[in-house]
Structures are given as C-alpha cells and as structure tokens.
There are 4 protein chains.
Amino acid sequence: MKLLCESASELEHLVAMAKPFAKEGKVADYIPALSKVDGELLSVSLFYPDGCSYTAGDGNLILTLQSISKVITLALALMDRGEDFVFERVGQEPTGDPFNSIAKLETINPSKPLNPMINAGALAITSMIRGQDGAERIDRILHFIHELTGNPGLSYNKKVALSEYDTSHLNRALCYFMKQSGIINEDVEELMELYSKQCAIEMDCLSLAKMGCVFANDGKDPASGHRLIPSDIARICKTFMVTCGMYNASGEFAIKVGIPAKSGVSGGIMGSIPGKCGIGIFGAALDEKGNSIAGIRLLEMMSRKYSLSMF
Amino acid sequence: MKLLCESASELEHLVAMAKPFAKEGKVADYIPALSKVDGELLSVSLFYPDGCSYTAGDGNLILTLQSISKVITLALALMDRGEDFVFERVGQEPTGDPFNSIAKLETINPSKPLNPMINAGALAITSMIRGQDGAERIDRILHFIHELTGNPGLSYNKKVALSEYDTSHLNRALCYFMKQSGIINEDVEELMELYSKQCAIEMDCLSLAKMGCVFANDGKDPASGHRLIPSDIARICKTFMVTCGMYNASGEFAIKVGIPAKSGVSGGIMGSIPGKCGIGIFGAALDEKGNSIAGIRLLEMMSRKYSLSMF
Amino acid sequence: MKLLCESASELEHLVAMAKPFAKEGKVADYIPALSKVDGELLSVSLFYPDGCSYTAGDGNLILTLQSISKVITLALALMDRGEDFVFERVGQEPTGDPFNSIAKLETINPSKPLNPMINAGALAITSMIRGQDGAERIDRILHFIHELTGNPGLSYNKKVALSEYDTSHLNRALCYFMKQSGIINEDVEELMELYSKQCAIEMDCLSLAKMGCVFANDGKDPASGHRLIPSDIARICKTFMVTCGMYNASGEFAIKVGIPAKSGVSGGIMGSIPGKCGIGIFGAALDEKGNSIAGIRLLEMMSRKYSLSMF
Amino acid sequence: MKLLCESASELEHLVAMAKPFAKEGKVADYIPALSKVDGELLSVSLFYPDGCSYTAGDGNLILTLQSISKVITLALALMDRGEDFVFERVGQEPTGDPFNSIAKLETINPSKPLNPMINAGALAITSMIRGQDGAERIDRILHFIHELTGNPGLSYNKKVALSEYDTSHLNRALCYFMKQSGIINEDVEELMELYSKQCAIEMDCLSLAKMGCVFANDGKDPASGHRLIPSDIARICKTFMVTCGMYNASGEFAIKVGIPAKSGVSGGIMGSIPGKCGIGIFGAALDEKGNSIAGIRLLEMMSRKYSLSMF
C-alpha cells in the first residue's frame, strides 16, 4: 500500500509542470563553485520504507548538500552529546531573520543561536561533533551519511569545499562572535574547514530521498530495520525541518506544503513524510529566500495532489 | 477506538503530577482584571470527534480566551476575505521576537506583521473581520464561537474587556504604526474595543476542547458533521498553531509536545490533535514566555504517554 | 566688528550659488499641508547680537518650524522642570537611527528616548511643558516664542496643525509606546494636539535668525540684554543642535559645517553660532535625510568662506 | 595669556577632588594584560601651545592608548587616502549603540560602519593605512606618534598587544563581516595584529597631552610650528571626538564637558581644546560605558571652573 505517487510517469508529469518555474529563479552565485550549475534542470526521487523508489526529471543529478547537511550533523551531535548539552548552547525557536543573520546573537542575552538550522546554530552544532581531529570528525560525518544512504562511496566535493572555505567570511564572523561568547571553543579555521566539507558532501536525489526515508521511518534503516538514529532524535530533526527547514520561508512552506523538509542553497531539498516516504529534489535555480524555486512548486503540487500536509 | 486517554482517572493522575509546577509560575499582572485568579488551579478537558469528553482537575474552570482568540479570528478573517487578501497584509513566518514586539514592523520593508499569532498580526486580522460596525463585528465573532462550541450562551467578560481596553497602550502603538503603514485603515479606538472584547470571551475548558476538536476534525462539527470551517482554513490555523502558537516558545513546544496548540496569557491552552481530539486547559500561573506553566507540563506528559507528537 | 558676512550682496551671491541644488531635492509630502510649497525658493537671514541683520534670496519667506520647535520646547521644559527631571526621562545620546524610529524604545532597557531631537524624545519633552490645559500650554510656548523673536504677533498655522494632527499616526505609536513605559502620562490625543500646534508655529527667516541669535548670545535678548534663557540651558540646547540637530546627518553636518543648527521637514534651518550670530534659512526641497538640500549647501559655503566651524 | 589652569597646585586640587570617584569604577578585565593596573591612581597633564605644561596626580603614569589610537589612525588614513576614499567606506554619524556592536553592520544597507570611533569603523580605518607589510605599517603609525609627541622613543607594549591579539574574537567577527561586505580586503589576522599593536602603544599623560595640543593647534607642532596634520584633517578629528569620542556617552559628555576628547578602555582620555591646550588623563577605573570614571569627573570640574565648553 502506497499513500502517494504510484508511478514514475505520474511523477514525470508533475516535474514537467514544475520545471518551467525554474526560469524565475537564480542559481546561487556567492559560492563560486556552485554558480556553474544549469539552473533549469530538475530531478526528484521518492523512497518508500518498503524499498520501492521512483526517480523522475533530468536524470538522477548530483548535488552538494549545503544546508541540508545541518539536519545530519544535528542528529549526530544529539547522539554524541545528548539533548541537554546541545540545547543549552543552541536554541529551539524559529526566527523571521535570514539564515546568515548575526544581529540576534548580539541582542539576545545570553547570546545563543536561535536554532540549529540557521548558520550560527549549525556551526555551533558542527563544533559539537566528536573526534580527535578534523580528519576523524569528517570521517564520522561521512560514515553516518554512508549508513543513512546505504552508499559507502559518498564523499565531499573537494573543489566546492575549498571554494566555500575560501569565501565564507560571514560564517567566520559568526564563529568568532560565538567564540567570544563561549558557545564555540575550538579553532575557528578548523571548524570552518570541517563545516565547508560537510556542506560539500555530494550525492544524487535518490540517496537524498533515502536519507529522508530514514527520518520518516523513525530513524530505522528501511531495508534492514536496523536503528540508525534514536527515535526521539529523528523526531526532533523532523520537528526542526517543519519549524525552520526552509530558511525564513518555513512558515509559508508549512502552510502550503506541510511536510518536514530541509533545503540547501545548492537547490536541493530533502523531504521526510512521517511514516510514508523520503523525498530528494534537485533544482538549482533559487527563489529570493534561497529555496529551489521549481522544487518548492513541485512539492506544493505533490502536497495538494496527495494530501501530504500533516496539519 | 480512542487513541489516547481512556478514562477520567488517568487524566486526574496526570493533572496531579503537573499541578505542583504552577508554584514556579506567575499569574499575568499587566491586565489588572486577570491578576486576581488563583494561579494554582488547573483544569483540563478532552473532547473527541465521537462526542465523548473527559474533564479533570479543579472543576471546569472559566477562563478568558486572550490570545487563543487569535486562532478564531484568523479562521473568520480567512472566511471573510480569502487567503490572498489576508496574507498580503500579514505574513506567515514564525519569529524569535516576543509577541508584543514592534521593532520588526519598522525593520521589515515593506512593513508587515510577521504572522497572525503575534499581537501586531492579530490586530491586523481583527481589523479584517467584516461588519457594519463594532456591534455587528463582535456579534459575528461570538456567533462563530457559538457554532464552534455548540454553546449559544457564551459572551465576553465586560470587566476584563474594559480593563484591557484601558491599559493596552502597547497594542495602540502597534495599531497606529500599522495605520501609518496602511495595514490598518479603520479607527484605532474602535479596533481596540473590538479586540479587547474578543480577548475577553469567556468559556470553560470543555468548550475550549470542543473548539479544538472542530479544528482537529478538519473544520466539521463533530456532533452534526456540518462544516463550520473550510478544510483548508482549518489546516492553515493548525499550521500556525504549530509554528507560532506558543509565543516565542513555539519551537521548544513543537519539539517537546509536537501538537497544534495556542496559548493565552489568561493561562488557557487550546490543543487540536489532527483527526484525534481537542484539548482545553486552564492554569493561570505562567512561565516567563507567557504560557501556562502547569498546562505545558501536562501536555508534555500527555505527549510522552500517548505518543501525541505529529513529527 | 562682524566676524562673517558684511553685506547683503555677498549673501545674495552665496544664495545664488546654493539655490540650484534645490532641484535635486523633494518637498516633504507626508504632511499634506506642507506639500504645496515651491521647493525651489530659498531665503536666508543673519541676525547679529548688535541688532544688525541681513536677508537675502526669495524675499523673507514664511515657514512652519516643524522639528526646529524641538529646541524651543527643550529650553522651556528645562526651565519648567530642571535638568534632572528632564534627563531622567529623555537621554542625551545621538543615534544613527532615523528621527521617527521606534525600535530603540523597545531594545533599550529601561525604555527611554535617546535624545530630545528625535520624535520620541521631543514628544516626551512637550509632555513636560507646564500648564493647566492644552490652551495654557500652547500659550506658554507661543509667549516664549514671542520673547525670543521680539514678535508678539506670531502664532501657529491652524491648517498645518490640523493636517499634522490628522495624519501623524507614527507619532501616536511613539506616544502610546512611551505611555506603556510610563515616560508619558497624559492623554495622547491632547499631547498630539499640542505637539501638532508647536510644529505648525509660523515665522519668517528673520525671526528664525533672531531666535538663533538668542541662543548664540548665551540666552540673552540681543536688543535689551535681558536674560530669556539661563546660560546653562542655552548651552545644552546648542550642544544638542551639534550632536543631533540635523537628524541622522548630524555627524556629517558637524564635519562639513561645524555649527549648532536644527532643521525641520518644512525646509527650515535655525543656526546659532556661539557668540557670533543667528541664522534662519528656508528652502523647502529636502535631501533624503530630511534636511533642506539647498540650505545645507548654503551653510557649507558660508562655513568654508567664513571659517565658521567650531572644531 | 593662559585661558585655564595657571598652576600645578590648582590642578592637584582638582585631581584630589576627582580621585575618590575611582572607587565607583572598575578596571577593564576583558583584555587580560590590562586588568592588573591599580584603578585608583589618577594622573593628568596639560600642554599649552606655548610649550608650557602641568602634570598633577600620581606621577606621570604610563598607559596604553587603546581606543585613543583611533583618532591618530583616522588622521593618518585621511592623509594617506583623502576624505572621499575614507568616508565612502566609513560613515560620519554618531550612534547610540555600544562601541563593539555588530548589529548595525547588518541592518544598514549598504553595510558601512557608522563612524571611525566605533570598533568596526576603526578597524576599517586601520586597514587603510599604507605600507608594504605589517612591519612598515606599524612603523608608519609609530613614526607619526613620534612626530606628534616629539618623543621618538615611544613604542607599543608587546605583552598587551599579544594579549589583545589572542582574545579579540569580537573584533575578528567585525573584520570578517566587513570582509564579506568588501569594506576590508586584506588578511584579517594581519589586520588584527596591526590593530592590536596600535592599541598597545604606550606613553605617559604628558605625551598624550602633547598630541591633544597638536590637534588643538590646528595640526601644527606647538614647538616648531611645523604642520604635522593638515588643518582640515585636524578639524575633522576634533569633530569626531565631540560627536563620538566617549563611546555611547558622547552626548552626555558634550553637554557636561563640551570639549573634543577621546577615551580608551585603558582609562586614558586625550582632550583637545581648540586654540587653547591639550589634555592627557589616566585613571584606569571605568564607568559602565567604558570611560575613566575619575577622568570624566576631573574634566567636568575643569570645564565648570574654566568655562571650557565650546557650546
């Protein structure tokens, strides 16, 4: 029994309707290595707990995770440190501010990033990942990704990681501000290197959908039934995906689509419909809030057609 | 088949465990007429779509809706004006700012309240309620409340309404700011009178739970099956209850409890578990964010015990 | 011995050079009654302590004081209440924010307008003017103006006052916010009426220059030698004119011109060069900060030509 | 002809009256190397254009310049780059925000530090100092200091410089934010090193007073009459000292004292009374705004006694 899309052709039809909206968007240009992608391509995969999957659109395109990785490191940090440690240092509240905003760090007393999905919070989360050095920590993140996707060959794109490392001065500003406040204690350049690699992890939409499916499946591997993430942590991650997953368009997305989802400036979106399926989307042209413009449209159409909203 | 609490005694037991937390909270004192309530009382009602209900705690206490009324007027405004009109004037994004904050009205361009659950947004929403004059508009709100609760005797508490009208200078500041920006066009004192009455609408926890049940039941009257709210609008209201229902503790509440709920500074909470039941709670002692401190604890216990989280 | 301009023709020459800049500005349109003035006219008067005066430009034009009145009411409030009372309620610090900003009232704790030259501060100052009712208070302000100008015929423009009273919703928002914080205690509409009248006081550039000369002359009437303002209060007023007199262009003005001056959105500027002379300017076309664009240019030219900067 | 203090004993008397206020202040502790100074010591020097000087208090104490150095680098940057270059990148407006605030960099569009006296602006100014490398740039700053003080032996305190370099994460945050915005283009660690050294330049109160005297003397060396700073630049520096020299207590200081002055968190104050004299003060105990608490009191007493206010 499937609760939504039953055939690849149905999915192809939805992709065809969503794709033209890409023309109204723009590929992110602030990370040089990302700016060369063709913004008009659109690819989507669905992955069901029973192992069935569908892929439609422009082949199974490869994307870098960017902010989607924030969900993965949040799960790992919660497993490494526990809820109390994590949420003493990073808040749980959505914000109307842009994802890269620094002002709230100054005006909130004591200083604390509002949630793990904005850049400040995500940097603080990554600094909680255990490991003796940068090498061990990125290995642990990658190993976790291998488990979630069942694909041990996945790694990060060195060129994209380097490009981000070289240009992310705003993230450095956030890190140093948090170092001043004692939220981050490690060397900032080391953290920046780790964070840049995490954002540059590459995969196709099907792997993205598989990860979404693990969260949808309460943290268990759909194939083996093994628990990869404690149930409570999977739930926490899905909750943040609803309240803060789509930058400062999360509220509108919750109303129009109503599923847990996390986007990245690469144009990727990972969706996770509790108990139902995982979704992986890639469409590089972004709207003004930084979300895949055709990807959002595709999810809106799917939500209406299959009544996906949780609310 | 019930999905949660099966007996009043079970509910009494949970209330007994939550009640002591009231001692750590404080009854709201900024509205003089609210400050005289006994903060240690706690009352809860559950209302199921099949008509069954349970009430436990200190009798079926009477409360004023305060901010809970924001959900009701949002539904009515959406029915009166349609989604486009409403969301052109009021945003859909949660905010990390306090419910009565004015700063964002100034810094966001064009000026627009971030969502209908903060005071600025709720005042703008109330100004959209149709009616020839103040009398007709409060009558329409009350009539809608009568339908939702099945209780045609409900009205507002004149003393509380007057007390709020006399002292809500911050709400007046919000109104005049929005009048300057063209979001509100009517006479501010008239709007303040209407808004004060709406906040002062009185009912018991069982009626509150019944209203929650209508939203849980996709907008249909559980008794008659008649549609009182279009399904889409009921869904939109529940979505806002998740993303912005508990002031700037909404994110934490979504993680710890995970159900649509709206609180008021009177100490009331209306919960609405999609497809399952409505909840009405009253415990006047508030935490620092303005939510019923024992009420939140009670919902946390219920959420854990009955696995209520949607995520 | 004069320290600056020695002849009307010299002044005419400077006016002729400054006047063309008016084309780059715009007459204020947010107060309907002000928007009908010809923005290209420019008029200037100088008034020396020895009684000598020069007027040049487009005749001796009549203007309403608008924000220039903030200096006058500050002097009167300081005489009415003393420094301690006044500065417990209104700060002394310049701000980089616009003159009508409300955000700082919220973020500063305890809430207090930053200085008497922004709208919030000026409204609080006007609320300190003594008098049994609105009539007595505007009479006291007018009487003080009559003393400063030596012109007992001056009054306010009823049409402009009414126009401002009807449309100043932002000022109402500031008042109600301050009423909530206890900075303002009186009825807001009464205060708005008084403030609108104060802003609408009319005079020509020569009278404006005479007022400036009283401040320049340490508070003494240049003609009679009678003290109209205590020396300390005249000094305080001139200090605020330097640090906050030209809205959020005060810093640049201090660097480029370097004299105490206060502007209004009518396009008026009152200058006061300590020990030397008073200046009155009227040119209704404003720059983007709200200062007379040709007036500022004229003062820059005069400052360079006559080395007027105090620094 | 002297316009103020005529004898060292008079000055000693004033110091004796101001000194007890030090007990109400606190020595800065956020730069470890500064925290060990005895906060109750107080030292003052006056330097007149004719070469006469007075020193009183606890000997001629040595202090590090800290924020006082911002005036010196501003003068040098203006000589190196010209007004247009400098003020395109750094604003001229005072601000009510703390000296180390980052929020305004984000909210002002385009991003630009409000003035050269807050940390963000001062860092941008230092990045404008010409030189092939860090060594040449600090040498140029020191050489300029040697000229201004007539003391070629002055240098920076290596221990203090290192202590600041190691701990100034907030300044790093400001730099990276400005690097993202294109206001700063050089390597941040190099700039931090240079800035830390500039802040750690050491001298006694007499040298400080001599520097103040050069600015008071329109940029000319009082001894030789040689021009060290163009007159316009000396004037600009004095203007900023009035509008923004005492952190976000500048407005109050202008009212109570009324002279150009710049303070540092070391507890130093450099005063510059146009045409009259330079002042150097050192008293390490600070008030809550970061200004020498006894130093401010001393200046208030001097201002009243000798009518120093420019206004």
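The UniProt annotation "binding site", from an unreviewed entry, covers seven positions here: Ser67(A), Asn119(A), Glu164(A), Asn171(A), Tyr195(A), Tyr247(A) and Val265(A). The model itself is predicted. Start in chain A, with two of these annotated residues.

Take Ser67(A) first. Find strand β4 (62-64) and helix α2 (69-89) of chain A. Ser67(A) sits in the loop between them. Is Ser67(A) buried or exposed? Its relative accessibility is 8%. Buried means under 20% relative accessible area, so Ser67(A) counts as buried. Now look at what touches this residue. Set aside the neighbours within four places in sequence. Ser67(A) is then in contact with Tyr247(A), Lys262(A), Ser263(A) and Gly264(A). Tyr247(A) is a name to notice, as the "binding site" annotation covers Tyr247(A) too.

Next comes Asn171(A). This residue lies in helix α7 of chain A, which spans residues 169-180. Asn171(A) has a relative accessible area of 9%, so this residue is buried. Which residues does Asn171(A) touch, leaving aside its neighbours within four places in sequence? They are Asn119(A), Leu123(A), Met192(A) and Tyr195(A). The side chain of Asn171(A) makes a polar contact with the side chain of Asn119(A), at 3.0 Å.

The size of an interface is often given as the accessible area lost when the parts come together.

Begin with chain B and chain C. Each chain brings 16 residues to the contact. The area buried between chain B and chain C is about 1400 Å². Carbon and sulfur atoms give 67% of that area. Which residues of chain B lose the most area to chain C? They are His169(B), Tyr176(B) and Gln180(B), and together they make up 39% of what that side buries. Between these two chains there are zero salt bridges. On the chain B side, helices α3 (103-107) and α7 (169-180) each supply at least two residues. The largest share, eight residues, comes from α7(B). By class, this side of chain B has six nonpolar, six polar and four charged residues.

Move on to chain C and chain D. Here the contact takes 26 residues from chain C and 26 residues from chain D. The area buried between them is about 2400 Å², and carbon and sulfur atoms give 64% of it. Three residues of chain C stand out. Glu93(C), Ile255(C) and Phe311(C) supply 31% of the area that chain C buries against chain D, more than any other three residues.

How many salt bridges link chain C and chain D? The count is two. In one salt bridge, the side chains of Asp97(D) and Lys104(C) meet, at 3.2 Å from N to O. Chain C and chain D also have 10 residue pairs in polar contact. On the chain C side, helices α10 (231-244) and α11 (250-256) each supply at least two residues. The largest share of that side, seven residues, comes from α10(C). By class, the side of chain C that touches chain D has 11 nonpolar, nine polar and six charged residues.

How values were computed
Residues are numbered from 1 along each chain as its sequence is written. Chains are lettered from A and ligands numbered from 1 in the order in which they are written. This is a predicted model: local features need pLDDT of at least 70, side-chain atom pairs count only at pLDDT 80 or more; totals for chains, interfaces and linings use all residues. Side-chain values use heavy atoms; hydrogens and water are left out. Contact means heavy atoms within 4.5 Å. Buried area is the accessible area (1.4 Å probe) that two parts lose on being put together, summed over both. A salt bridge is a side-chain nitrogen of Lys or Arg within 4 Å of a carboxyl oxygen of Asp or Glu. A polar contact is a pair of N or O atoms within 3.5 Å; within protein, one must be able to donate a hydrogen and the other to accept it, and residues adjacent in sequence count only if both atoms are side-chain atoms. Helices (H or I, at least four residues) and strands (E, at least two) are DSSP runs, numbered from the N terminus. Ala, Val, Leu, Ile, Met, Phe, Trp, Tyr, Cys and Pro count as nonpolar, Asp, Glu, Lys and Arg as charged, and the others, Gly among them, as polar. UniProt positions are given in the numbering used here, feature names are shortened, and annotations may be inferred rather than shown by experiment. Buried means under 20% relative accessible area, exposed over 50%, partly exposed in between (1.4 Å probe, protein chains only).
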